[in-house]
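Here is a short briefing on one protein chain. Please keep the sequence and the model open while reading.

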Amino acid sequence: MESKQQDRISKYLTPHISEMMFGELSPDYLMRTDSLDILGGIAVPVNSDPDDESGAIDVRRIVFDMARVIGADPSFVYADRYAGFIRHAAGDNAAPMLVAEGARSADAGDYEDACMLLRAALRLEPKSREALYLYARACKECYEAEAEAFSEGEADEERIGMFKAESMETFELLTMLHPEFAMGYYFLGYAYLNMGLYLKTSLTWQDFMKYSSGTELETSEMDDDMMASLRDEISGRLEELEAPVQIEQGCNRIMSGDYQGGKEILDEYRDGRFAEWWPLWYYLGTAESALGNADEAAACYKRVLRLSPSNTDAMEELAAIYALAGDEENASKYRKKIEIVKRGPDEGTPGGLE
């Protein structure tokens with residue numbers, strides 16, 4: 001989870017605080033609860049239970065609302081005092097209590113509320129396995145719900161990115177702090193897969209397979225049949241990843257300067273289901289160019305443009321190849337295409353790609 005100075009998602013959670021009512025608890029109540037030194041003279045959330053007409057102070061509700069405040073805004077002016085009162089009121093059960101309430105919110109589909117409560121739990125116990133796991137999953141649910149709206153043209157792309165990054169980073173932290181907890185690897189693998197990091201995905205899911213078997217299994221929510229189903233799922237995924245992992249390794253070799261070695265790997269995938277994947281041709285073009293095969297490089301970059309027509313990187317490479325060959329006519333053609341793409345569709349669109 002991000003530090004106070006680098007909090008990704010606080011701005012999406014703090015609007016919930018504006019819906020709360022705040023007030024000071026009476027000195028008599030604070031003295032009776034031995035909390036005068038913690039809460040004396042400061043405002044606390046005093047939102048009443050809508051189903052309770054007595055108007056009585058509900059300490060449990062105050063605790064949860066304090067948690068929501070510090071979970072939404074870790075830099076809230078009374079955050080430390082709220083955290084102190086939560087510990088005072090709940091003792092050693094403080095963090096588990098917030099985790100349980102966060103889980104209830106997630107089960108009800110209120111994932112932002114779950115995020116707030118679980119962030120507060122992590123403030124109390126930063127290494128809590130359950131809090132980290134459920135928080136990462138709540139962030140995942142937040143960005144997936146937003147992504148569904150985005151597909152309909154109604155969502156905030158930045159919000160999706162912030163929750164996605166928060167979820168992935170928390171799953172990474174979970175696997176570092178609790179390396180034998182299988183489900184952390186399960187979800188982290190999918191996070192890497194969605195980013196096209198095939199080698200990382202494969203290694204992460206290999207760890208899932210390792211820790212989801214035998215006596216090292218630590219997932220109370222999973223029975224044997226459910227875990228067996230997940231293992232079958234990931235086993236199939238690992239088989240599907242074999243070729244993408246090889247391609248990624250070929251690209252990595254080219255980026256590190258091993259042009260011949262990388263090219264030899266990627267040559268195996270010129271035909272077949274990956275032949276329509278433009279990065280394959282871009283990296284082949286990079287290797288061919290570095291090896292002095294200008295014509296082959298140009299053919300690869302043109303293949304990129306057939307698959308990704310607005311790819312200005314490929315256009316720049318083609319312009320450079322033709323300029324070096326003294327073919328100013330074709331070099332100029334690709335420079336003009338770059339200008340058209342950068343101006344955008346309102347001022348013109350790319351013409352022919354060959």
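What polar contact joins the side chains of R8 and E169? The two side chains are joined by a polar contact of 3.0 Å. A polar contact is a pair of N or O atoms within 3.5 Å; within protein, one must be able to donate a hydrogen and the other to accept it, and residues adjacent in sequence count only if both atoms are side-chain atoms.

This is a predicted model, in which local features need pLDDT of at least 70, side-chain atom pairs count only at pLDDT 80 or more, and totals for chains, interfaces and linings use all residues. Residues are numbered from 1 along each chain as its sequence is written, and side-chain values use heavy atoms, with hydrogens and water left out.

**Overall make-up**

- The protein chain has 17 helices and two strands. Helices (H or I, at least four residues) and strands (E, at least two) are DSSP runs, numbered from the N terminus.
- Of the 354 residues in the protein chain, 44% are buried. Buried means under 20% relative accessible area, exposed over 50%, and partly exposed in between (1.4 Å probe, protein chains only).
- Take the contacts between residues at least 6 apart in sequence: 58% of them join residues at least 24 apart. Contact means heavy atoms within 4.5 Å.

**Nonpolar cores**

- In soluble globular proteins, nonpolar side chains tend to be buried together.
- The largest nonpolar core here has 75 residues. A nonpolar core is a set of buried Ala, Val, Leu, Ile, Met, Phe, Trp, Tyr and Cys residues joined through side-chain atoms within 4.5 Å.
- L39, I86, M183 and F208 have the most contacts inside this core.
- L39 touches L25, L30, V44, M66, R81 and F85, with residues up to four places away in sequence not counted.
- A second, separate core has 27 residues, including L266, L305, M315 and I338.

**Helix 5 against helix 6**

- Helix 5 (residues 79-90) and helix 6 (residues 94-107) have axes that come within 8 Å and cross at roughly 100°. Axes are lines fitted to C-alpha atoms, for helices over the stretch in contact, and angles run from 0 to 180 degrees between N-to-C directions.
- Helix 5 contributes I86, R87 and A90 to the contact, and helix 6 contributes A94, M97 and L98.
- By class, this contact has five nonpolar, no polar and one charged residues. Ala, Val, Leu, Ile, Met, Phe, Trp, Tyr, Cys and Pro count as nonpolar, Asp, Glu, Lys and Arg as charged, and the others, Gly among them, as polar.

- R8 sits in the segment before helix 1 (10-13). R8 counts as buried because its relative accessibility is 18%.
- The R8 side chain also makes a polar contact with the side chain of E166, at 2.9 Å.
- E172 lies in helix 9 (residues 157-177). E172 is partly exposed, at 22% relative accessible area.
- Beyond its neighbours within four places in sequence, E172 is in contact with L188 and Y192.
- E172 and G184 are 12 residues apart in sequence, with 7.7 Å between their C-alpha atoms.

- Y190 belongs to helix 10 (residues 182-194). Y190 is buried, with a relative accessible area of 16%.
- Apart from neighbours within four places in sequence, Y190 contacts W205, E233, I234 and R237.
- C251 is in helix 12 (residues 224-255). C251 counts as buried, at 6% relative accessibility.
- Leaving out neighbours within four places in sequence, C251 is in contact with L266 and Y283. C251 and Y283 are 32 residues apart in sequence and 6.1 Å apart, C-alpha to C-alpha.

- Most residues other than glycine have a negative phi. D34 is not a glycine, yet has a positive phi of about 55°.
- D34 is in the loop between helix 2 (27-32) and helix 3 (36-39). D34 counts as exposed, at 57% relative accessibility.
- D258 is in the loop between helix 12 and helix 13 (259-267). D258 is partly exposed, with a relative accessible area of 32%.
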